[in-house]
Amino acid sequence: MAMWCGCVCAYAQVVPTLPPTPVVTPPLEDTTDNRQFLQSLKRMSQKKTLLGRAVKALVVFKPRKIEEPLENSLLPPAHAQHNYKVVRSIYFKRLDAFGYSINDTLALPKNYLERLGNALHMRTKQNLLRNQILFKEGDLLEPLDLSESERLLRQTDYLLDARVLVNDSTSTNDSVDVVIITKDVFSISVSGSASTSSTRIGLRDINFMGVGHQIRANQRFGVNEPQTWQFLGSYFIQNISSSFISAELVYQNTHYYKQQSLGFKRDFYTTNTKYAGGASAGWYQTLVPDYYEQGEQVEEPRHFLEHIPLDYNIQDFWIGRAFRLKSYDLAQNNPGQFITAARFMNIKYTQGGGPALQSARLYLAAFGYSFRRYYKDQYLFGFGRTEDIPAGNLLALTAGFEDGAQKNRPYLGIKGAFGKYNPGFGYLYGGIEYGSYRHRNSWEQGVFTSEALYFTPLYRLRNWRWRHFLWHRTSLGMRRPDLFALDIDQDDGLRGFSSSEVRGYRRFVLNYETNFFTPLTLLGFRLALIGFADMAWLTSVENRSPLKEKPYTGFGFGLRFRNEFLTLNTIQILLGYYPRMPFLNGQQEFKLFQTTRQYYDFNDLRFTQPLITEFR
């Protein structure tokens with residue numbers, strides 16, 4: 001989706017970039033009935049009163065089994081003995097969203113709410129699951145096929161979890177019977193809100209009729225803007241005819257942003273994928289802040305910036321080829337790949353522009369090395385579901401030429417990243433990236449970025465679990481005309497912070513978060529307690545370190561809710577404290593805010609299409 005939908009921030013980017021089964025230990029029991037509070041609720045639920053029946057329907061008292069986080073490489077040793085055997089049969093066991101457990105096949109729905117939810121849900125079609133795995137009956141079982149298929153199933157939006165196992169009791173020396181267990185999520189969600197300023201209605205189905213198609217629509221009325229309504233709709237098809245090619249159609253219409261786009265893409269979805277590529281076309285109309293006055297840049301960012309039209313269209317094509325490196329272990333393939341790719345992008349601005357934007361044709365070529373393995377853990381971004389952690393190394397070199405309406409210039413960029421995981425240490429990711437154009441014997445419109453993400457192992461105290469996160473990001477502009485392209489709002493710096501005055505050219509951000517996962521379950525929603533501390537340094541002075549400026553800070557705490565069986569986003573309600581607010585003349589502020597966006601995410605260490613380093 002990011003290939004053709006990331007165009008909102010075109011004004012702040014380099015041109016012409018795309019605008020914007022393992023070994024298992026005995027499970028631990030996470031029971032919810034050993035605390036005094038829950039004991040009283042359980043006694044209440046046994047009473048034949050209206051309140052007692054309501055508590056019985058809403059609160060789950062049965063033990064919840066949780067697997068230990070294990071250091072599981074992509075190919076567990078137990079699977080190596082089945083390499084190159086013939087796949088004799090594949091048996092699918094498909095579980096509905098509510099009441100069933102992928103770790104306990106004897107679990108059944110316990111109340112009428114779970115049974116009603118399953119009755120309203122259309123189970124994922126077996127043919128869709130067949131399309132998502134890497135083998136079929138009669139094939140020789142290649143190394144990594146079992147574990148990679150399990151990961152691909154688990155990474156789909158419409159499945160909560162998946163297991164791909166070999167039935168050892170029926171397998172022979174030359175053939176195997178494979179068992180695939182999947183658990184659905186409830187695919188349909190309806191949302192809405194109403195206030196004095198607007199009314200919103202949203203509808204989403206991420207597994208339409210059980211065939212995996214995703215439909216999203218969001219309509220807003222009564223907006224206090226020149227255009228009083230807003231609409232966003234998309235239709236997404238994943239893995240067309242088992243080709244692993246996805247397609248998406250997007251239409252968005254608001255006062256500040258309009259988009260019509262169609263795109264197709266095929267990623268390097270496994271470590272054995274040979275070919276990847278994509279094609280997309282999009283038409284965009286935006287209103288962007290005017291940082292330029294008659295060709296001259298404003299000296300200071302204003303509180304109320306005039307918005308000017310920026311209309312453009314993009315056609316984008318790329319193709320990549322991966323070459324598998326030789327393996328000296330017959331039990332498994334070498335997960336390292338040498339990759340080459342080429343890309344052509346045509347971007348045309350029909351209205352608006354600026355010193356950092358020009359209509360151009362861009363030709364790019366990239367060469368890289370990717371080494372990926374995946375590990376399993378829990379309680380990272382979810383509430384107990386199995387999550388795949390990427391580890392490995394990535395190195396990519398990009399070179400190209402921009403044939404522009406104003407000037408022609410070559411481009412050079414380099415990117416390096418690594419990820420390390422160990423159950424006793426946690427996870428550490430680090431990456432750096434640099435890109436710049438060459439014009440008239442000097443480098444211009446350069447960007448340097450760095451990122452580091454660390455999270456600790458999962459700590460336990462009885463039925464409570466907690467984990468700490470630490471995230472760092474740096475963005476440095478070099479010889480660029482857009483001195484106010486960066487901000488520190490929300491995901492770019494301080495969560496809950498928003499100011500049009502605080503903008504700059506170089507940025508340094510530190511984020512800390514701690515998550516306490518409670519054992520409570522209400523209507524399938526799990527509860528976590530959150531504490532956070534954010535710091536951001538920003539400067540609008542060229543060639544000046546952001547660390548020489550006084551930092552902006554934000555501190556807070558709140559609650560996080562999520563039902564893993566539903567497609568609803570994680571709900572977070574947070575209270576933030578900001579000691580320094582520019583529009584309050586340096587005064588402090590408390591702010592209560594709600595968000596459904598995940599603040600942290602993994603970099604998959606996957607080689608993508610040749611990219612221009614983004615300045616945003």
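I began with Arg409, which is buried, its relative accessible area being 1%. The model I consulted is a predicted one. I placed Arg409 in strand E19, which covers residues 408-422. I then looked up the polar partners of its side chain. The side chain of Glu402 makes a polar contact with that of Arg409 at 2.6 Å. The side chain of Glu444 is joined to that of Arg409 by a polar contact of 2.7 Å.

Is Arg372 buried or exposed? I recorded a relative accessible area of 2% for Arg372, so this residue counts as buried, the cut-off being under 20%. I noted that its side chain reaches the backbone oxygen of Phe268 at 3.1 Å. A polar atom of the Arg372 side chain also lies 3.1 Å from the backbone oxygen of Thr270. Beyond its neighbours within four places in sequence, Arg372 is in contact with several residues, including Tyr269, Pro335, Ala391 and Asp604.

My last entry concerns Thr124. I found Thr124 in the loop between helix H5 (112-120) and helix H6 (126-132). Which side chain makes a polar contact with the side chain of Thr124? I identified Asn207, at 2.9 Å. Setting aside residues up to four places away in sequence, Thr124 touches Arg94, Tyr158 and Asp184, among others. I also looked up Thr182: 58 residues separate Thr124 and Thr182 in sequence, and their C-alpha atoms are 9.1 Å apart in space.

Note on methods. Residues numbered from 1 in each chain as written. Predicted model: local features only at pLDDT ≥ 70, side-chain atom pairs only at ≥ 80, totals over all residues. Heavy atoms only, no water. Buried < 20%, exposed > 50% of the residue type's maximum accessible area, 1.4 Å probe, protein only. Polar contact = N/O pair within 3.5 Å; in protein donor to acceptor, adjacent residues only side chain to side chain. Contact = heavy atoms within 4.5 Å. Helix = DSSP H or I, 4+ residues; strand = E, 2+ residues; numbered from the N terminus.
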